[in-house]
Amino acid sequence: SQSVAVGEHAIFSSSDTSCACIESVLGKADYNHNKVNQWTAAIVEQSLTHLVKLGKTYKYIVTCAVMQKSGAGLHTASSCFWDTTTDGTCTVRWENRTMNCIVNVFAVAIIL
Amino acid sequence: GLPQQGRSGAGVSPILKTRLENTYRMGPDEGCKFNAGRVQRVLEGALASALGTTVYSPQGSALLAQSLAELLQNQVKEVVPPRYKLVCHVLLGQQGQQSLLVASRALWDPESDSFASATFSNVSLFAVVTVHGVYFE
């Protein structure tokens, strides 16, 4: 289970909440071009809501990519310009029979 | 601010701890914000010149995605005002008959923070890049 490790402290275990969000939205559904828009919106919104409930002083960026399975390859990478002692990221991969889903969570600290 | 010396432990050289003055800055200046249009143009140009006629390969593309993320981030850093933290996310895939949708949402300060995105495709591959800029107080 992945945690976002910030400095020496794991600020939250994001992969559990993200996995649960994806499962509840996509579950056993088959890839549907007409529904993809509302699915990604729902996943991203639910993830963000969960993060906000943690009540930490962070700005969050959540990205979600849903791709139809067709045998084609896909790679994702990210590069961040930030304070490595306070900021962190976590990635969750999920798939079912017809589609792949990748969710990234980036947490950027706010100094109060 | 004056530098202060701190002791870290026996037998180790002292670490200089700099104390900075308060800037009393609450937000970015007018006209000094994340310019989404400009960043998008930079991304589009950089993608086209970096990928051009590149062919997708399962082994090479993983590295390509990573180096692309770093390259784009460095290019974007040049056109973004200071005190902005950047998150650059790249998706690189094989061109097939599949469909793909990328969405993102953020919890931030809409006065100062923003994002830009760009896409590129040729016969062999496609790339989607998003750069979020978050103001650091």
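The contact between the two chains of this predicted model takes 41 residues from chain B and 42 residues from chain A, where contact means heavy atoms within 4.5 Å. About 3,400 Å² is buried between chain B and chain A, and carbon and sulfur atoms give 61% of that area; buried area here is the accessible area, found with a 1.4 Å probe, that two parts lose on being put together, summed over both. On the chain B side, B:L101, B:R105 and B:L107 lose the most area to chain A, together 20% of what that side buries.

Residues are numbered from 1 along each chain as its sequence is written, and chains are lettered from A, with ligands numbered from 1, in the order in which they are written. Local features need pLDDT of at least 70 and side-chain atom pairs count only at pLDDT 80 or more, while totals for chains, interfaces and linings use all residues, and side-chain values use heavy atoms, with hydrogens and water left out.

**Salt bridges**

A salt bridge is counted when a side-chain nitrogen of Lys or Arg lies within 4 Å of a carboxyl oxygen of Asp or Glu. By this rule there are 5 salt bridges over all chains, and the count between chain B and chain A is 3. The table gives some of these pairs.

| B:D113 | A:K59 | 2.9 Å |

A:K69, in the loop between strand 3 and strand 4 (74-81) of chain A, pairs with A:E95 in strand 5 of chain A, so parts that are 26 residues apart in sequence are tied together. A:K69 is partly exposed, at 34% relative accessibility.

**A sheet with strands from both chains**

An open sheet is formed by 4 strands in the order 5(A)-6(A)-3(A)-4(B), with antiparallel pairing; two strands pair if DSSP finds at least two bridges between them. Strand 5 (88-95) of chain A and strand 4 (100-107) of chain B are the edge strands, each pairing on one side only. Within this sheet, strand 3 (residues 58-68) and strand 6 (residues 99-109) of chain A pair over 11 bridges, and A:A65 stands opposite A:I102 in strand 6 of chain A.

**Nonpolar cores**

The largest nonpolar core has 28 residues, and B:F34, B:V39, B:L43, B:L47, B:L51, B:L72 and B:V129 have the most contacts inside it; such a core is a set of buried Ala, Val, Leu, Ile, Met, Phe, Trp, Tyr and Cys residues joined through side-chain atoms within 4.5 Å. Helix 2 of chain B gives the most to this core, with 6 residues. A second, separate core of 23 residues includes A:Y31, A:Y58, A:V92 and A:V105.

Key
Buried means under 20% relative accessible area, exposed over 50%, partly exposed in between (1.4 Å probe, protein chains only). Helices (H or I, at least four residues) and strands (E, at least two) are DSSP runs, numbered from the N terminus.
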